[in-house]
Amino acid sequence: MISRLFSSAAAAAALTLAAGVATAQDDDSIIVQSTTSTANSGLYDHLLPIFEGATGIEVHVVAVGTGQAIRNARNCDGDVLLVHARPAERRFVADGMGVERFDLMYNDFVIVGPEADPAGIGGMEDAQEALAAIAGAEAVFASRGDDSGTHKTEMALWADTGIDPAAHSGAWYRETGSGMGATLNAGVGMGAYVMTDRATWTSFANKGDFGILVEGDADLHNQYGVILVNPEACPSVNAEDGRAFIDWLLSPAGQAAIAAHEVDSRQLFFPNAR
Amino acid sequence: MQDFADAFARAVTLVISGDADLIEIVALSLRVSLTATLLACALGLPIGALLAIARFPGRGAVTVVINALMGLPPVVVGLVVYLHLSRAGPLGFLGLLYTPAAMIIAQTVLITPIVAALSRQVLEDLHAEYAEQFRSLCLSRRAAVGALLWDGRYSLLTVALAGFGRAVAEVGAVMVVGGNIDHLTRVMTTAIALETSRGELALALALGIVLMVIALGVNALVHGVHQSAARRAHA
C-alpha cells in the first residue's frame, strides 16, 4: 500500500518534470540576458508583444545586472545579450563569445536624492563635482555595488574624482549589492543619494520626497548595446531567431517601437542604431 | 500604515478580478512547489526511515549532516543547481535552465533534507515504541518500515507541509535557476521581488497576502483530509 502510494507519487512527479523538459525544448523561442533597467521600466512589456506578433518568436527575458548577464551569456545560458557597459561588451565580443555588438539606444543616468539635499548638489551639472561634494559632506550615498552597468559607470566617475569610496564603505558609502530598484528602495529608506538610470527612476513608484538633483552631464550618457551570443562558441544558441530579434530591434520598426515606449508620457529610451 | 490598507484592498481586487496573469503565476507556484514536495517525500521519507531504523557505522554523523542541511540557504541551492544545469555545466545538454523543471529540481534539493530530518525524528520515536512488538512478530525490516510509515502518516503529512511551506516561500533558488521569466518561470515569490524592485510596494504586499492565503488553503485542505480520515478510523 505504502510503496504503491510512493511509486505513484514519484511517477506523477516524474511526469511533471518530463512535461517541464518538453517545454524547455520549445524551439521558436530565445533567451535574452538583459539588464534590470530595461525590464523594470516596462520596455519589454511594450516591445515583445509587437515582435512576437510579427514573427511568432517567443522572447524570454532574464533580467539581472549587466555583470551577471554577461557571465550567464559566457556560460552559453542565453541567445542574445542586451546590456549597458560598452568596455565589457567589447571584451565579450573580442573573446569570441559574441558575434558583433550594435548600438541600440541610449538614455542617461541621473543622481537622485532627498529634498533636504545635505550635500547641496541640487542643480549641479558636473557629475564628478557632485560626487566630490557628497564625499566632502560625508552624506549617505547608496551604490549598487554589484558589478552592473550602472555600478561600472558610477565607479568610473568616482575614479575621475580621485576619491576611493570603497574606503568609506559601511560609513557614508553604502553598497547594497542588489538591483537598481532595490537600491532605490534602500536609498529612499535611508535618505541616501543614488545614481540611477533615468528609465528605472521615472517608472519607480516609491520615490518618497526624492527628486532628480543632477542631470545633463555628458559623462552620464547611458548607451545600450545588443549582441548575438556566438553560435560557434555556444552550439546551443538559437542563432536564427536571435538574429531575427536583433535585426528587428535595429530596424526602423523596432527603433520606432523603442521610441514609442513612454511612462507618464515621458520617453524612456532614445533609439540610436546606425 | 497607508500601504497596508492599500495592499489589502489591492489583494482583494486582484483575487476578485481573477486576473489571468495572477492565476498563471499562482498555478505555476503550486505546480512547482507541490511537485518538489512530492519528489522530496519520495526521496526524504526512505532516507528518514533508514536512519530511524537501521544501525550502521556513521549513522550519527549522517543524521547531524542532514539536520544541518535543513538550514541550506536557497540562494546557495540555486547557485549549485545553476552551475549544474548551465550550458557550461555537466547537465547543460538537458537544456533545463530557465524552465519550471529547473525550479522543481532546486526546490527538491532545498527541502529533501527537511523531509528526511523531520521524518527520521518522527519514525525513530515511533520505532522506539514499537520495536518490541516488531521483534515478537518477527517482522522483516521492510515490513517494519511500512508499518511505521503508515502509523506515522499524520505526523509525516505535517512534515511534508513543512517542506511545502519552505518551498513555496523561498525566492533565492527559483530566481537564479528560473530567471523570473514572464509567462514561463515567474512564480509568486519572484513576482513579489520584481514588484518590490519596481517600487510598487502595495502591489508586492498584495501578492504576499495572496500567497499566504494559498498556503492557508493548502494547509486547510490537508487538515480537512486528516480530520475526516481520523473520524473514519474511529467510526
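In chain B, 78% of the contacts with a separation of 6 or more are between residues 24 or more positions apart, where two residues are in contact if their C-beta atoms, placed from the backbone, lie within 7 Å. This is a predicted model, in which local features need pLDDT of at least 70, side-chain atom pairs count only at pLDDT 80 or more, and totals for chains, interfaces and linings use all residues. Residues are numbered from 1 along each chain as its sequence is written, while chains are lettered from A and ligands numbered from 1 in the order in which they are written.

Chain B contains 10 helices and zero strands; helices (H or I, at least four residues) and strands (E, at least two) are DSSP runs, numbered from the N terminus. Its pattern along the sequence is α-α-α-α-α-α-α-α-α-α. The C-alpha trace of chain B spans about 65 × 55 × 30 Å along its principal axes. Chain B has 235 residues, of which 45% count as buried, meaning that 20 or more other C-beta atoms lie within 10 Å of the residue's own, with C-beta atoms placed from the backbone.

Chain A has strands. In strand 1 of chain A (residues 29–34), five of the six residues are buried. This strand pairs in the parallel sense with strand 2 of chain A (residues 58–63) over six bridges; two strands pair if DSSP finds at least two bridges between them. Strand 1 of chain A also runs parallel to strand 3 of chain A (residues 80–83), to which three bridges join it.

A:Val32 illustrates both pairings. In strand 2 of chain A, A:Val61 stands opposite A:Val32, and in strand 3 of chain A the bridge partner of A:Val32 is A:Val80.

Key:
A residue is buried if 20 or more other C-beta atoms lie within 10 Å of its own, exposed if 12 or fewer, and partly exposed in between; C-beta atoms are placed from the backbone.
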